[in-house]
Every structure is written in C-alpha cells, then in structure tokens.
Amino acid sequence: MTERKQRILRIVCAASVFLVAFGAAFASLMLISKNTEDVENAPVADEKPEEPEEDPVEKHKLSIIMVGDALIHEGIYASRKVAGGYDFKPLFTEVKPIIQQYDLAFYNQETILGGSEIGLSHYPRFNSPYEVGDAFLDMGFNIVSLANNHTLDRGRQAVTNSNNYWNSKANVMHNGSALTAEEKSSIDIREKNGIKYAMLSYTTTTNGITPYDENCVSVYSADGVKADIESVRDKVDLLMVAMHWGTEYETGVRPEQRQIAEYLAGLGVNIIIGSHPHVIEPAEYIGNTLVVYSTGNFVSAQFNDEQLSGLMMTAEVNFEKNNKTGKKKLSVDKPVARFVYTDKKAVSGVKYQVYPYEKLTTQIMPNFAQKYVELSARMKSLDSKIEVAPLYETAATSNSSTSSTK
C-alpha cells in the first residue's frame with residue numbers, strides 16, 4: 001500500500017472514531033434532556049407553607065378595684081326612704097363610672113342585709129334593707145365579703161335573709177356567711193378574661209356574740225383557713241382573702257394583722273383585703289402578695305373626715321401559662337390608691353353622697369387637699385411600690401376659686 005493510501009486510511013479511521021464518539025455524546029445529552037423534561041413535567045404534590053410555631057405562652061389580664069365598708073347608719077337609710085322601699089343609688093352617681101371600669105369590684109357589706117321585714121336598726125346592732133345591695137350591684141360590684149363583727153347582730157333570721165338575698169344574685173360572688181355546711185364548703189370559682197378566681201372571707205371578731213352554728217359566719221382560725229385554701233388553691237389562678245381584723249380607728253398596722261398576712265401569703269394567697277378599723281391603713285407587698293390592711297369606710301355616717309374617707313385600691317392582675325411545660329405565673333401589679341369621701345352636709349342636695357377625692361370642693365370638705373397629702377403618705381409608708389392617684393388640676397382649680405369666695 002502506498003504511503004498516500006495509508007494516510008487516507010488513517011484520516012478515515014479518525015473521522016469514524018470522532019463520529020462514533022460524537023453520536024454517543026449527543027445521544028446521552030438527549031436522554032438527559034428528556035429525563036429532565038419528564039421530571040419538570042411530572043405532577044408535584046401540593047406543598048403546604050410552613051406555619052409559624054404558636055407561642056406556647058398564654059397571657060391574660062384583668063383589672064380589680066377594692067373598696068371598704070358599706071356601713072349603713074340610721075341617718076343614711078332614713079334619708080333614702082321612698083314609696084315602697086328605699087333607693088340608695090343617688091348616693092353613688094359620682095363613683096359609679098369609676099367602679100364600672102373594672103373587671104372585678106369588691107366591697108365589704110358591714111351591716112347585714114336582713115331586710116325591712118324584720119325591722120331596720122342601727123348601732124350597735126345593725127340591720128339594713130336589701131336595696132343597699134341593689135345599689136352596689138348597680139354600680140358594678142361583683143365580689144362581696146359577708147364575714148364581719150356585725151354579721152350576727154340580728155341573729156339567725158337576718159343571716160338567713162341575707163344569704164337568701166345574695167344567693168339570688170347570680171352575677172355576684174359572696175363569701176363569709178352560709179346557711180349550710182355544704183354551702184360553706186362549696187367555694188365559688190369563676191373565670192374572667194381567662195383567669196380563674198375565688199374569694200374567701202373571715203372575721204377575727206363577732207362583738208362577743210357566739211355563732212349559733214359553724215356556717216353562719218366564717219371566724220378566722222389558722223387551721224380552718226389553711227384547710228379552705230388548700231381545698232381551692234390548685235383550682236384557681238387568683239386567690240383573694242378578705243380579712244376583718246385590726247383595731248377600730250387605728251391608722252397603723254397591728255402586729256397580729258402582719259402575722260396573719262404573712263401566714264396567708266405563705267399559703268399562696270395573692271391579694272388580702274382588710275377591713276374593720278373604719279379608717280384607711282397602709283398597703284404593702286409581702287413577697288408577691290398584695291396586702292391592703294384597711295380600706296376604711298366606703299359609705300357611712302361616722303364622725304369626722306378620717307372615718308368619712310375611704311380607700312379605692314386598684315390593681316392589674318397578669319397571668320401567664322406555658323402550654324408546653326404547664327408552668328403558670330400570676331402577678332398583682334400597678335397598685336394604685338384613690339380616696340372617697342361621704343358628704344354628710346348634702347352640698348349637692350343629696351345627703352351622704354360619696355365623692356372621689358378628685359371631685360371634692362372646699363364646700364364639701366374644707367381640708368380635702370391636706371387630707372389627701374396625709375392619706376397618700378400613709379398609704380406609701382410601708383412600701384414605695386404603692387402608688388397614689390393624683391388630685392386632678394381641675395379639682396384643685398375648682399377648689400381654689402371656691403375657697404376665695406368663702
């Protein structure tokens with residue numbers, strides 16, 4: 001074979017190898033392209049967007065206002081007589097808008113509501129008409145303490161009538177007096193804004209009157225209170241105890257009040273609301289427990305500006321629950337004191353009308369500004385975390401002009 005033929009043969013072989021290699025590569029590319037197209041055109045299962053994980057912590061909040069005694073002297077009920085009964089609602093027109101702002105509203109029914117049918121009476125053995133309760137419900141109160149030194153003033157019939165009255169009011173929680181052992185042990189538990197709550201009520205004195213049974217009034221004992229609290233503590237988030245204690249007309253806290261408060265705080269009580277002294281006493285925290293030692297009189301016909309002044313203590317209850325761990329946390333925050341005054345002089349034309357201090361004038365209470373300063377200092381004397389609502393500029397201006405014309 002000539003050299004020329006050999007060269008041609010080598011060229012042909014090389015071209016053949018190239019064509020075979022090119023064909024194989026092209027076939028591979030086509031196969032890959034087809035597979036890719038098949039994958040792209042294949043039906044795809046619906047893809048759900050990832051949902052953000054829910055916050056495991058629930059947060060709830062409610063507001064509460066706590067006031068003092070409804071101490072209904074003869075002058076009060078005599079002034080409110082109307083055809084067919086009594087009407088106390090005009091006494092509270094100035095404070096009703098305040099009370100209605102709160103989720104929970106507490107007061108102490110100092111004088112038993114035995115009703116007119118057994119005869120009304122005043123000091124020292126009180127009995128008041130049912131219409132007193134009607135007026136407080138109209139204001140928005142929904143928690144009532146019934147255990148105090150006047151619960152037994154008019155005996156079994158008054159206690160029976162009082163309990164029948166309160167039992168007929170579905171929207172009100174009451175404690176401290178009962179008709180039967182079963183009723184006494186059935187502690188009322190309610191829920192508001194996702195927070196479960198209960199209130200227990202006790203008195204340290206009955207004015208020397210022996211209870212006719214164990215149910216008519218809840219008398220304080222360390223063991224009895226402990227048993228009551230243990231029966232309900234795990235069932236509620238917020239636990240309140242109303243304590244009728246201390247010494248009448250004393251503005252300071254007695255050692256026995258502090259001792260009981262520390263004991264109740266140790267049992268897990270969140271709020272302690274005190275009454276009996278008929279004057280305002282300080283408030284403080286013991287651990288995480290808010291203790292209001294005495295709310296004074298909300299309405300009364302007592303002697304002087306000290307007894308005619310009362311406390312409105314407000315607070316915010318915050319509750320958190322971790323739904324993963326089950327851990328719960330409750331705090332009673334932002335305690336703020338406001339003051340009220342009962343006008344015995346009928347400056348507005350309504351005798352015994354109750355005013356918030358910020359609506360007072362010097363015609364109603366000549367020294368209200370000075371008394372406000374005194375009460376403010378008293379409220380904060382044990383604990384700087386207790387706040388006091390200011391007297392508004394409008395009230396101060398009104399009183400300045402009133403004073404200048406007198």
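The model is a predicted one, in which local features need pLDDT of at least 70 and side-chain atom pairs count only at pLDDT 80 or more, while totals for chains, interfaces and linings use all residues. Residues are numbered from 1 along each chain as its sequence is written, and side-chain values use heavy atoms, with hydrogens and water left out.

I begin with the overall composition. The protein has 11 helices and 17 strands; these are DSSP runs numbered from the N terminus, with helices being H or I of at least four residues and strands being E of at least two. Of its 406 residues, 48% are buried, where buried means under 20% relative accessible area, exposed over 50% and partly exposed in between, for a 1.4 Å probe and protein chains only. Among contacts between residues at least 6 apart in sequence, 71% join residues at least 24 apart; a contact means heavy atoms within 4.5 Å.

I turn now to the open spaces. On a 1 Å grid over the protein atoms alone, a cavity is a set of points where a 1.4 Å probe fits but cannot get out, and a pocket is an open set with protein on both sides within 12 Å along at least five of seven lines; lining residues have an atom within 4 Å of a point. Points are joined across faces, edges and corners, and a volume is the space filled by probe spheres set on them.

The largest pocket holds about 350 Å³ of space. It is lined by 24 residues, with His174, Asn175, Glu183, Lys184 and Ser186 closest to its centre. At least two lining residues come from each of helix H5 (155–167), strand E6 (173–175), helix H6 (181–185), strand E8 (195–203) and helix H7 (222–232). By class, this lining has 8 nonpolar, 10 polar and 6 charged residues. Here Ala, Val, Leu, Ile, Met, Phe, Trp, Tyr, Cys and Pro count as nonpolar, Asp, Glu, Lys and Arg as charged, and the others, Gly among them, as polar.

The second largest pocket holds about 300 Å³. Its lining has 17 residues, and Tyr123, Phe126, His150, Glu248 and Tyr249 are the closest to its centre.

There are 2 cavities of 30 Å³ or more. The largest has about 70 Å³ of space, and among its 14 lining residues Gln109, Ile112, Leu146, Thr151 and Ser162 lie nearest the centre. The second largest cavity, at about 40 Å³, has a lining of 6 nonpolar, no polar and 2 charged residues. Tyr372 is one of the residues that line it.

Tyr372 leads us to helix H10, where it is one of the buried residues, together with Phe368, Lys371, Leu375, Ser376, Arg378 and Met379. Seen down the helix axis, these buried residues fall within an arc of 160°, so they line one face of H10; the arc is that of the directions from the axis to the C-beta atoms. The face turned away from the buried side carries the exposed residues Gln370 and Val373.

Finally, where does Ser128 lie? Ser128 is in the loop between strand E4 (104–108) and helix H4 (131–139). At 0% relative accessibility, Ser128 counts as buried. Beyond its neighbours within four places in sequence, Ser128 contacts Ile72, Thr111, Ile112, Leu113, Gly114, Gly115 and Leu120.
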